[in-house]
Amino acid sequence: MAVIETERLTKYYGEHRGVEDVTIDVREGEVFGLLGPNGAGKTTVIRTLLDFLHPTRGSARVFGLDSRRESVAIRARLGNLPGDFGYGKLATGREALSLLARLRGVADLGHAESLARRFRADLDRPLGQLSRGNRQKIGLILAAFHRPELLILDEPTSGLDPLMQEEFLSLVQEERDRGGAVLLSSHELDEVERVCERVAIIRAGGLVAVESVPDLLGKAPRRVSVVFSGSAALPDLKRLPGVSDVSVDGRRVSFRLTGEVDPVLKELASHPVADLEVARPTLEEIFLTYYEGASA
Amino acid sequence: MSALIGAQLRERRRAVLTWGLPIGLWSAFIVAIFPSVESALSKAVQSYPTALKEAFGVGNLSTVEQYLNAEMFSLIVPLAVGYLAVRSVASGLSGAAESGRLDVILSAPVSRVAIVRAGFCAAAAEVAAVLVIALALTMLGSAVSGAGLSFSSALAGFASVWPLALISAALGIIVTGFSLRTSTVTGLVVGLLVGMYVLDLAGRLDTSLDWIRYGSVFRYYGGAIEKGIDPVSFFGVVVAAIALAAAGGVLFDRRDLAA
C-alpha cells in the first residue's frame, strides 16, 4: 500500500503557482526524495500533505486517508521536521517534547533521550540560545521520538555540521530499515542519492520526473577527465556509447559520459591511466537532461 | 486541550506578572491616596460640566469606589486588559505561526479548532490571573492606607473587565482568520476596542446618538464597582465572546498556514 499518494496536486497562492499537477506515491519502507532548488515547491507539497495548506485542485492521501478531512488521524502516525524549525525563544526542547508527548499520548520518552544523546542535543537550554544546527537537532527529536510510521523531513540537514549530517542520514536509513517510510526534501543531490530509493524532481512548481536514484544518475551526464601515462596512442573514446564532447589536451582526455559506465571503464583499463576524475552532475545538469529529453 | 492551555500559560507566565503588578500597584496607589485627596476631589468635580461627568461616570467622587471607578475602570483597566487578552491569544496563534511553534504543534494529532479553543481559554485564564493580582494589590493598598475599599465592590469592578477581555481575545481570533501577523492582529483589535470606546462615549455625550452604543461592547460595561455586576450584561458579553471565538475558529481552520 502507498503511504503517500497525490493525484494532480495543485496549489496556487492567488495568481502565483505553488505546485501544479504533482502526482507521486511513496511506498511502505521507502525513502523518497523531493529534489529541487529552493522555491521549487517542495515545501508546498509537504505542507499540503500535512493540511497546513489546502489544495486548489487535486488530492492527497496519506495512509489511505484524505489529507484534508482526516488530517488529525494522519498526523497521529507521522513525524514532521519543518524546513526552518522553530518553537519560540523561551521554551526549552524538553518543554516542547513534553507537550508533544502529551498530545501524542506517549509516556515513554526513552527514545527521545537516546536521540538526544546520539545527536548531542541539549534539551534543557532555551531554544532561543541554540544555534540553527542545534535547534534542528531538537526538531528531529520532536519528529522522531514516537517512532512514527512516516517521517517527513523538509531540508533536514541544513545548518548541521558534516558529522551531524552523517548521523542524520544514518537515522533516516534506520527508520527505513525499521519499516517506516521517509519523505525527504532536499536541494542537495548528494544527500538524496545517499539515502533515497526514488526521487521526484520538482522545479518551478512542476513535477519534472519521478525516477529511481540509479536511473536518475544514469541519465545525467558526468564530466570525465583522464590523464594517460606513457607514450602509447590515446584510445578512441568517441566510438563508445554515451560518450560526447571529447577534448584532448596533451595526455589529458576530457569527455561527457551519459548512461553505462562499464564499456568506458573497460576501454580505459586497457591503457595506462595516471589519473581519473569523474565530476558528478549538478542538479542543474540533471534538470537540463530532463528538459532536453522533453523537448526532443 | 489541557496540555495546550498549560503550555501557553507557561509560555506567558511572565506576562501575568508584568501586567498584573503594574495594574495592581497603580490601582493600589489610587486607593491609597484617596483619603488625602477626598475633600479636594469633591470640590474639583463639582466644577466639571455635567455631560462630561456623566460620560466618564464621574458624577460623584465621594467614595473610594467611585474614585477607583473613575481613575481605573473607566478607561485604563479595560483597555490594558483588552490589549493583554489579544496579545495572549495572538501569541498562541499568529505568534506561534511566526515562531514556527504552530507547525510543530500541528504536526501532532491536534485540530486547529482545538488550538483556537486552547488559546481562548489560556487568554481567559491569563487575564483572570492578572485581575486577581490587581485585586489583591488594590485591597492591600486599601488596608495600608485605611481607605475602606469594600472587597465585594472591588471584586465586582475587576471581574466586570473579564468579559471585555474575552471579547478582545475573540476578535483577535477572528482577525487571525485573515492575518497571521501578530502586529496586524493586535493593531486591528486594539483599534476596534478604541473605536468601540469612542462610539460608547459619543452615545453617552449626545443622548440622541444613544443607539450607536449598541455597536460597542462598552455599552454593557461600567459601574460594577459601585452598582455590582449586571448578570445579564456580564454573561451576555461572555456568550457573545464565545460565539465570536467559535466563528474565528472556523475561519482559522479554513485558512492556509503558509510557511
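This is a predicted model: local features need pLDDT of at least 70, side-chain atom pairs count only at pLDDT 80 or more; totals for chains, interfaces and linings use all residues.
Figure 1. Just after helix 4 of chain A comes Arg120(A), which takes a positive phi of about 50°.

**Figure 2. Strand 1 of chain A and its pairing with strand 2 and strand 3 of chain A.** Strand 1 (residues 2-13) and strand 3 (residues 25-27) of chain A run antiparallel and are joined by 3 bridges. Within this pair, Glu5(A) has Asp25(A) of strand 3 as its bridge partner. Strand 1 of chain A also runs antiparallel to strand 2 (residues 16-22) of chain A, with 4 bridges between them. Here Lys11(A) has Val19(A) of strand 2 as its bridge partner. Strand 1 and strand 2 of chain A form a hairpin with 2 residues between the strands, and in this hairpin Gly14(A) takes a positive phi near 65°.

**Figure 3. Strand 1 and strand 5 of chain A, with the loop that holds Phe63(A).** Strand 5 (residues 57-62) of chain A runs antiparallel to strand 1 of chain A, and 5 bridges join the two. Glu7(A) stands opposite Ser59(A), a residue of strand 5 of chain A. Phe63(A) is in the loop between strand 5 and strand 6 (65-66) of chain A. Although Phe63(A) is not a glycine, its phi is positive, at about 55°. Phe63(A) counts as buried because it has 20 C-beta neighbours inside 10 Å.

**Figure 4. Asp245(A) in strand 13 of chain A.** Strand 13 spans residues 243-249 of chain A and contains Asp245(A). This residue is not a glycine, yet it has a positive phi of about 50°. Is Asp245(A) buried or exposed? Asp245(A) is exposed, since 11 other C-beta atoms lie within 10 Å.

**Figure 5. The contact between chain A and chain B.** In this view, 19 residues of chain B are in contact with 27 residues of chain A. On the side of chain B that touches chain A, the elements giving two or more residues are helix 1 (2-11) and helix 7 (101-106) of chain B. Sorted by class, this side of chain B has 10 nonpolar, 4 polar and 5 charged residues.

**Figure 6. The two assigned domains of chain A.** The domain assignment places residues 2-217 of chain A in domain 1 and residues 221-280 in domain 2. Taken over C-alpha atoms, the centres of domain 1 and domain 2 of chain A are 40 Å apart. The C-alpha trace of chain A spans about 75 × 45 × 35 Å along its principal axes. The secondary structure of chain A consists of 10 helices and 15 strands. Of the 296 residues in chain A, 41% are buried. Among contacts in chain A between residues at least 6 apart in sequence, 68% join residues at least 24 apart.

Note on methods:
Residues are numbered from 1 along each chain as its sequence is written. Chains are lettered from A and ligands numbered from 1 in the order in which they are written. Domain bounds come from an automatic or database domain assignment. Two residues are in contact if their C-beta atoms, placed from the backbone, lie within 7 Å. Ala, Val, Leu, Ile, Met, Phe, Trp, Tyr, Cys and Pro count as nonpolar, Asp, Glu, Lys and Arg as charged, and the others, Gly among them, as polar. A residue is buried if 20 or more other C-beta atoms lie within 10 Å of its own, exposed if 12 or fewer, and partly exposed in between; C-beta atoms are placed from the backbone. Two strands pair if DSSP finds at least two bridges between them.
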